Amino acid sequence: MRINFLGTGAAGGVPLFGCTCVACERARLDPVFVRRPCSALIESGNTRILLDAGLTDLHERFKPGELDAIVLTHFHPDHVQGLFHLRWGVGTRIPVYGPPDSEGCADLYKHPGVLEFHALTKFEPVSIGALTLTPVPLIHSKVTFGYAIESSSGIRFAYLTDTLGLPPRTETFLTDWHPHGLALDCSFPPQSEAKNHNDWTTALAVIDKVNPERAWLTHISHTLDAWLLGTGESSSRAAIAMDGDRIDFQASSNSPQP
């Protein structure tokens, strides 16, 4: 299994429009620190699944037939905006899986074009090629799923964004599931009262409870980047994901290789 972090940014990304904080200025000077809308490409064998569709150039990044499916965590614009252009393409329909949100986003349901929407059910696995995905509910302002993803060789990776902590049943499921890798929402530095997204403290607490072999923090805002720069803070339990990072899990050892 291979995980490609295509985007690791919170809404607004890094650099944030008009912001002159140290993190935004760094990203303007060096594109390695730019954070685009949060998304990942999961590959196993010949199977390729896009997790979230916030990147606005999907129609340029992928050729027809290159994706087996698009899987959405939820229907907030920064996670689906790339679908609005992609849908007007021609050719084979593209399966798009996501939570049972009756509203969706704008007119995506009304005018799906080549997109074929399928509503998933929490804790009911779906198989897409060589991968099996189990939707797990998260805590967010819109109905949101994370995904426990398992390859045919038994490699297990959880992708959990956007969320503030975990519902008890999701936490228990993931703890018993023993993921080899986990990507988790961590949008903000420590806050007295986190809202709608994990802050640094909450994210690390989730990782301690689920106890994956390896963890990556994603959905990162410019305020977290600036805090990390200012404090030099780091964690032995989690790496800070960057746009373009690629993680390979080898079936022989089930260990991730950067």
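The model is predicted, and local features need pLDDT of at least 70, side-chain atom pairs count only at pLDDT 80 or more, and totals for chains, interfaces and linings use all residues. Residues are numbered from 1 along each chain as its sequence is written, and side-chain values use heavy atoms, with hydrogens and water left out.

The protein chain contains seven helices and 15 strands, where helices (H or I, at least four residues) and strands (E, at least two) are DSSP runs numbered from the N terminus. Its radius of gyration, taken over C-alpha atoms, is 17 Å, close to the 18 Å given for 258 residues by the globule rule, so the chain is as compact as a globular protein of that length. That rule is 2.2 Å times the number of residues to the power 0.38. Along the principal axes, the C-alpha atoms fill a box of roughly 50 × 45 × 30 Å. Of the 258 residues, 54% are buried, meaning under 20% relative accessible area with a 1.4 Å probe and protein chains only. Among contacts (heavy atoms within 4.5 Å) with a separation of 6 or more, 61% join residues 24 or more positions apart.

Strand β1 (residues 2-7) has five of its six residues buried. β1 pairs in the antiparallel sense with β14 (residues 246-249) over three bridges, and with β2 (residues 39-44), also antiparallel, over five bridges; pairing requires at least two DSSP bridges between two strands. Asn4 has Arg246 of β14 as its bridge partner, while Gly7 has Ser39 of β2.

Asp101 lies in the loop between β5 and β6 (115-119). Asp101 is buried, with a relative accessible area of 6%. Leaving aside residues up to four places away in sequence, Asp101 touches Phe75, Tyr109, Lys142 and Val143.

The largest pocket holds about 370 Å³ of space. A pocket is an open set of points on a 1 Å grid over the protein atoms alone where a 1.4 Å probe fits, with protein on both sides within 12 Å along at least five of seven lines; lining residues have an atom within 4 Å of a point. Grid points are joined across faces, edges and corners, and the volume is the space filled by probe spheres set on the points. The lining comprises 19 residues, with Lys63, Pro64, Gly65, Leu86 and Ile94 nearest the centre. At least two lining residues come from each of α2 (58-61), α4 (83-86) and β5 (94-98).

Note on methods
Buried means under 20% relative accessible area, exposed over 50%, partly exposed in between (1.4 Å probe, protein chains only).
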